[in-house]
There are 2 protein chains.
Amino acid sequence: MCGELNRPWTWIEGGVGAPQGFQATGVKAEIKYQDKYDVALIYSSVPAQAAGVFTRNQVKAHPLVLTQKYLEDGVAQAIVANSGNANACVGEAGDQAALEMARTTASTLGLKIEDVLVASTGVIGVEMPVERLAHGIEEAAQILTSSETPTWTPQERIENAHQAALAIMTTDTKVKELACELPCHEGVIRLGGIAKGSGMIHPNMGTMLGFITTDAKLPAAQLQGLLRQAVDQSFNMVTVDGDTSTNDMVLFLANGESGITPVEEEWLAFQEMVNSFCIRLAQEIARDGEGATKFLEVQVTGAKSLEDARKLAKSICGSSLVKTAMYGEDANWGRILAAAGYAGAEFNPSQAAIYLGECLVAQNGQGVHFSEEVAKGVLSQKEIKILLQLKDGEAQATAWGCDLTHEYVTINGDYRT
Amino acid sequence: MCGELNRPWTWIEGGVGAPQGFQATGVKAEIKYQDKYDVALIYSSVPAQAAGVFTRNQVKAHPLVLTQKYLEDGVAQAIVANSGNANACVGEAGDQAALEMARTTASTLGLKIEDVLVASTGVIGVEMPVERLAHGIEEAAQILTSSETPTWTPQERIENAHQAALAIMTTDTKVKELACELPCHEGVIRLGGIAKGSGMIHPNMGTMLGFITTDAKLPAAQLQGLLRQAVDQSFNMVTVDGDTSTNDMVLFLANGESGITPVEEEWLAFQEMVNSFCIRLAQEIARDGEGATKFLEVQVTGAKSLEDARKLAKSICGSSLVKTAMYGEDANWGRILAAAGYAGAEFNPSQAAIYLGECLVAQNGQGVHFSEEVAKGVLSQKEIKILLQLKDGEAQATAWGCDLTHEYVTINGDYRT
């Protein structure tokens, strides 16, 4: 985080409820499990400008299709999401269930149905228990409505938003929730977000659920551009298992309640804050990959183009052989070079150098003598940095992932039942 | 194998030594382990027409580069291969080691150096113990030369060729060796082959070591075409872990010693034999994937194009989530559809049906009620067939792979040391 030392913004406590005018909460609707938060509701007191990035999987979950449609006008006022059921591949019933989620949210909060965005995560191909879900949504909406008569303490706001973060978790072991604020001339802009990740995480697409809120005042088109470029260098650079879900999406709401439209220097600072925010949220997903014991950061420098750099970083970070080697704390740099070799990017292997942490293990495309002890020291850490240094150009990129472990196989050997 | 009932050829005992004029043997040169066959030598008594298909990994092993050069004239008389060391990414020393392999083989067998093809498999980035390797090659060559004075019984020929198959194994648990013959009007054409697979197996490239011999009389260009199309539907349809090696190659030698040039119907039968041969050899590789407990066959029918069908079959077969579900005997068909969705192929998910064995689990893109017991019965088998039935066209393809297991992680967590 040393690059952030001089950053103009600060991390603050809280999540999606941190920006002005946003409330969030989570409830236990027993979608799949008892006693687990599984319905999240995020609400803006005024209609917000809205942007979204979605899975490129040809098989799209029902809520995703509906949300894309409702996002066409660039306006939204609530996000409702559930875990425990992906609401994917169940046909007409799935479209109905997604619609019902939006309808219940809209009616209990008094919103237009097109201003409700819906998302689901969990097992594919199982019909949604719509009644339990609707009850959950009503309960959540009542909690949020009660908050409008300003009886919530700041701590209660934070706790309720935290429940929303809990409610979208599936096999995640840690809650992923961040907030930060940027001081501006006319006041403060806040950014809040929650995410879920863990399995079926791969860079080629939207790749997980992420909901981000801000009280900055921005038109939807600008918000969409901002989100797109942030996602490309954050969520899209994370890989857990190479699989891409049917449900992934990142949504971004800007309700303008700060009254501030960042321009010039403030715009640059805001953009930087959004990028750092998304990168940190994405890192949290990699760090909490299913069964992960180690966090991997793969940096590629000196690549011919940004696209090549990204392909190389993701290919190394996604290689089963690299991931198992890291799990086994084995300085098998040949697998790193081999994974770069099939990335589909152009580069000159004979000029490549590889570092594990600070330890140079290969240069000019071949191994160098290095201390196995020093390498082992690097690889025994919880966080491992791999650097592939090329001499083909100026582009660079970083990808994040985790090791491939026995526990990953255990988790995914029996997820459905 | 029911499609083979009326096939014009028959499987016979033996391997690369089965076709006339070919001898092969393996020796223990202590490249990495003691008491393991690790140097294979295949030799034709006359110069043979030669073809090859190679890894598309940008990082190419030293022997591969040399072999590609020596293959330019379409003629070869020997293949020398070692396991225990990939001779990859070691710079100038690697080029020298590959050259030394060819030189030793050529001088002890009395061949032109350009007629010797070299291959290596094993760990990347470690310098080859050239002296031990050269001793091994000399020993193997002496064994083969002694066979020319016809003192070997047919059984000895088979046993020696078998040692060549043993010598290219790494983490393979089973030897992969096949032979067959096609009766023709003027006699018999034989085909023999050995392969090694196990880890770093992925369809996008050459993907393993495979050496095939025949005594048919064919020009190199025709041999190359024959090999290319056979590899595309066999070795390139196998995936173990999505990783692609720096060393993969399939070589095909035709020495013409049968005196037969197959034409018309015999050509079609020969082509069919080569395809079936390569498919079976490739299946052996999938069946013996690192840590595999189950063999997966994924068939896609009704696809828009052959390319789409292949992409879909490989994507399903390569999905970590599908592979772990099969390991866990979990009928999680949603993962199958999701893996199809990110294959990069065009198809209509809402018309897709999925079968596990004979058990229909999804239709029109959504789940159907099926007996968990029947599905469990299918998934508890050692061989699992997955069928994705589309309605987008007439193309079909099949891919082969294996499940992702705890043992895979164990094997690859500490391979180098």
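Helix H4 of chain B covers residues 154–167, which is 14 residues. From its first C-alpha to its last it reaches 20 Å, close to the 20 Å expected at 1.5 Å a residue. This is a predicted model, so read every value as computed from predicted atoms. Which residues of H4(B) are buried? They are B:Asn160, B:Ala161, B:His162, B:Gln163, B:Ala164, B:Ala165 and B:Ala167. An α-helix has 3.6 residues a turn, so residues three or four places apart point the same way.

Now look at a pair of helices in chain B. H8(B) spans residues 320–327, and H9(B) spans residues 333–341. Their axes come within 9 Å and cross at roughly 160 degrees. Angles over 145 degrees count as roughly antiparallel. H8(B) and H9(B) are therefore roughly antiparallel to each other. Their crossing is left-handed. Which residues make the contact? H8(B) supplies B:Leu321, B:Val322 and B:Ala325. H9(B) supplies B:Arg335, B:Ile336 and B:Ala339. Sorted by class, this contact has 5 nonpolar residues, no polar ones and 1 charged.

Turn to chain A. Here H8(A) runs over residues 320–327 and H9(A) over residues 333–341. The two axes come within 9 Å, and the crossing angle is roughly 160 degrees. H8(A) and H9(A) are therefore roughly antiparallel. The crossing of H8(A) and H9(A) is left-handed. On the H8(A) side, the residues that meet H9(A) are A:Leu321, A:Val322 and A:Ala325. On the H9(A) side they are A:Arg335, A:Ile336 and A:Ala339. The contact divides into 5 nonpolar, no polar and 1 charged residues.

H8(A) also packs against a helix of chain B. That partner is H11(B), residues 406–413. The axes of H8(A) and H11(B) are 8 Å apart, at an angle of about 75 degrees. How are H8(A) and H11(B) set relative to each other, parallel or perpendicular? Angles of 65 to 115 degrees count as roughly perpendicular. H8(A) and H11(B) are therefore roughly perpendicular to each other. From H8(A) come A:Leu321, A:Thr324, A:Ala325 and A:Tyr327. They meet B:Val409, B:Asn412 and B:Gly413 in H11(B).

B:Leu133 sits in helix H3 of chain B, residues 130–148. Is B:Leu133 buried or exposed? A residue counts as buried if 20 or more other C-beta atoms lie within 10 Å of its own. B:Leu133 has 25, so it is buried. Setting aside neighbours within four places in sequence, B:Leu133 is in contact with B:Ala29, B:Ile31, B:Val39, B:Asn82, B:Met101 and B:Met128. B:His185 is 52 residues from B:Leu133 along the chain, and their C-alpha atoms are separated by 44 Å.

B:Ala220 belongs to helix H5 of chain B, residues 220–232. With 21 C-beta neighbours inside 10 Å, B:Ala220 counts as buried. Beyond four places in sequence, its contacts are B:Gln49, B:Ala50, B:Ala51 and B:Gly74.

Back in chain A, A:Pro8 lies in the segment before strand E1 (10–12). It is partly exposed, with 14 other C-beta atoms within 10 Å. A:Pro8 and A:Glu272 are 264 residues apart along the chain, yet 9.2 Å separates their C-alpha atoms. Not counting residues up to four places away, A:Pro8 touches A:Leu182 and A:Ala269.

Finally, check the backbone. Most residues other than glycine have a negative phi. B:Glu264 has a positive phi, near 45 degrees. B:Glu264 lies in helix H6 of chain B, residues 264–287. It is exposed, with 7 other C-beta atoms within 10 Å. B:Asn364 also has a positive phi, near 50 degrees. Where does B:Asn364 lie? It lies in the loop between strand E13 (359–363) and strand E14 (366–367) of chain B. B:Asn364 counts as partly exposed, with 16 C-beta neighbours inside 10 Å.

Conventions
Residues are numbered from 1 along each chain as its sequence is written. Chains are lettered from A and ligands numbered from 1 in the order in which they are written. This is a predicted model: local features need pLDDT of at least 70, side-chain atom pairs count only at pLDDT 80 or more; totals for chains, interfaces and linings use all residues. Axes are lines fitted to C-alpha atoms, for helices over the stretch in contact, and angles run from 0 to 180 degrees between N-to-C directions. Helices (H or I, at least four residues) and strands (E, at least two) are DSSP runs, numbered from the N terminus. Angles under 35 degrees count as roughly parallel, over 145 as roughly antiparallel, 65 to 115 as roughly perpendicular and the rest as oblique. A crossing is left-handed if the near helix is turned anticlockwise from the far one by less than a right angle, and right-handed if clockwise. Two residues are in contact if their C-beta atoms, placed from the backbone, lie within 7 Å. Ala, Val, Leu, Ile, Met, Phe, Trp, Tyr, Cys and Pro count as nonpolar, Asp, Glu, Lys and Arg as charged, and the others, Gly among them, as polar. The expected span of a helix is 1.5 Å times one less than its number of residues. A residue is buried if 20 or more other C-beta atoms lie within 10 Å of its own, exposed if 12 or fewer, and partly exposed in between; C-beta atoms are placed from the backbone.
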